[in-house]
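Here are my notes on this model, as numbered points. Have the structure open while you read.

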Amino acid sequence: MRTVSNSSSYPSRTSGVRLVVVHTAETPCEEGRAYNIAAYLANPAVRASAHYVVDPGETVAQVPEEGTAWAAPGANSDGIQIEQAAYAGYSADDWQGADQQRMLREQLAPLVAGICRRWDLPAVWLSAADLLAGRAGVTDHNTVNEAYRASDHWDCGPSFPAGLLMELVRAELGETTAGPAQAEQEYEMRACEMNDGQILLVDGMEYQVLSEGRPWDEINAILIELGRAGLIPTRDGGVPVIEKIGDNAVNALRKVGE
Ligand SMILES: [Zn+2]
């Protein structure tokens, strides 16, 4: 993988990685573009950067994943930014083009899967509501703007095949589509595990600490019961899904009692 470094970035992060944010760089989808886009962004006058740029033939690295790129206000500090050689104005047919499909399948999906693996992110596509609820996963610049209203960018556009991308990513990760919790499904609550191992029940913008003073057997029984009642996501016929949740996401919520 070639690298084009960029001084318009922060060498370290102020928070952990929660999001993969995909963009379109508004250039034709063809080989050689990723390097050109990275070189363009590297000009200090441009004041923008990305972690990776992809085209049909190549992935170019720019900002290290441990650093913060300047690409999507609202999701810079906890996001990994990927620019595609593509247009936000592409139609669904355009995204079916040979070069576009090659970029999605051979460059973007393996790249996103690797990031999900390295940072322990669920391979789910997030809505603006998911972002505001502090969920982790994959999204695009337009959705970040819907959630945080920080700019007017609308990439990757309304026809971007996000469902196909996530299918490809899950296949790369060896997950079936029935595996992880589907972000588009609505549940009353979520079971989450903090970095320190505490288990939380998150209900909208509030949470309670389920593991406080309870043995694991009891916690597990409660989670299975909640799953059976359809209140939290489950997989494989009833196993409660426990999402990882970062400290920053927890800090944005309000703690309530039992
Ligand atoms: Zn963008």
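**Notes on the model**

1. Starting with helix H5: the cover over its buried residues includes S3, helix H4 (128–132) and strand S8 (137–140). Within H5 (residues 141–148), the buried residues are His 141, Asn 142, Thr 143, Val 144 and Asn 145. Buried here is 20 or more other C-beta atoms within 10 Å of a residue's own, exposed is 12 or fewer, and partly exposed is in between, with C-beta atoms placed from the backbone. Helices (H or I, at least four residues) and strands (E, at least two) are DSSP runs, numbered from the N terminus.

2. Some bookkeeping. Residue numbers start from 1 along each chain as its sequence is written. This is a predicted model, where local features need pLDDT of at least 70 and side-chain atom pairs count only at pLDDT 80 or more, while totals for chains, interfaces and linings use all residues.

3. The chain splits into domain 1 (2–172) and domain 2 (190–255), with bounds from an automatic or database domain assignment. Their C-alpha centres are 29 Å apart. Across the boundary, 8 residues of domain 1 are in contact with 8 residues of domain 2, contact being C-beta atoms, placed from the backbone, within 7 Å. The domain 1 side of this has 2 nonpolar, 3 polar and 3 charged residues. For the classes, Ala, Val, Leu, Ile, Met, Phe, Trp, Tyr, Cys and Pro are nonpolar, Asp, Glu, Lys and Arg are charged, and the others, Gly among them, are polar.

4. How do H3 and H6 pack? Helix H3 (residues 98–119) and helix H6 (residues 162–172) pack at about 60°, axes 8 Å apart. The axes are lines fitted to C-alpha atoms over the stretch in contact, and angles run from 0 to 180 degrees between N-to-C directions. The crossing of H3 past H6 is right-handed, that is, the near helix is turned clockwise from the far one by less than a right angle. Among the residues that meet are Leu 104, Arg 105, Leu 108 and Val 112 from H3, and Leu 165, Leu 168 and Val 169 from H6. By class, the H3–H6 contact has 11 nonpolar, no polar and 2 charged residues.

5. Arg 105 of H3 is worth a click. It is partly exposed because 16 C-beta neighbours lie inside 10 Å. Arg 105 and Pro 56 are 49 residues apart in sequence, yet 8.9 Å apart in space, C-alpha to C-alpha.

6. The largest nonpolar core has 53 residues, and Val 20, Val 53, Val 54, Ile 82, Leu 108, Val 112 and Val 169 touch the most other members. Such a core is a set of buried Ala, Val, Leu, Ile, Met, Phe, Trp, Tyr and Cys residues joined through C-beta atoms within 7 Å. H3 gives the most to this core, 9 residues. Beyond four places in sequence, Val 112 touches Val 20, Val 138 and Val 169. A second, separate core of 13 residues includes Ala 191, Ile 199, Leu 200 and Val 202.

7. Buried or exposed: which is Asp 217? Asp 217, in helix H7 (residues 216–228), counts as exposed because it has 8 C-beta neighbours inside 10 Å.

8. Lastly, Ser 77 is in the loop between strand S6 (68–69) and strand S7 (79–84). Leaving out neighbours within four places in sequence, Ser 77 is in contact with Arg 13, Thr 14, Ser 15 and Thr 68.

Terms used. Contact = placed C-beta atoms within 7 Å.
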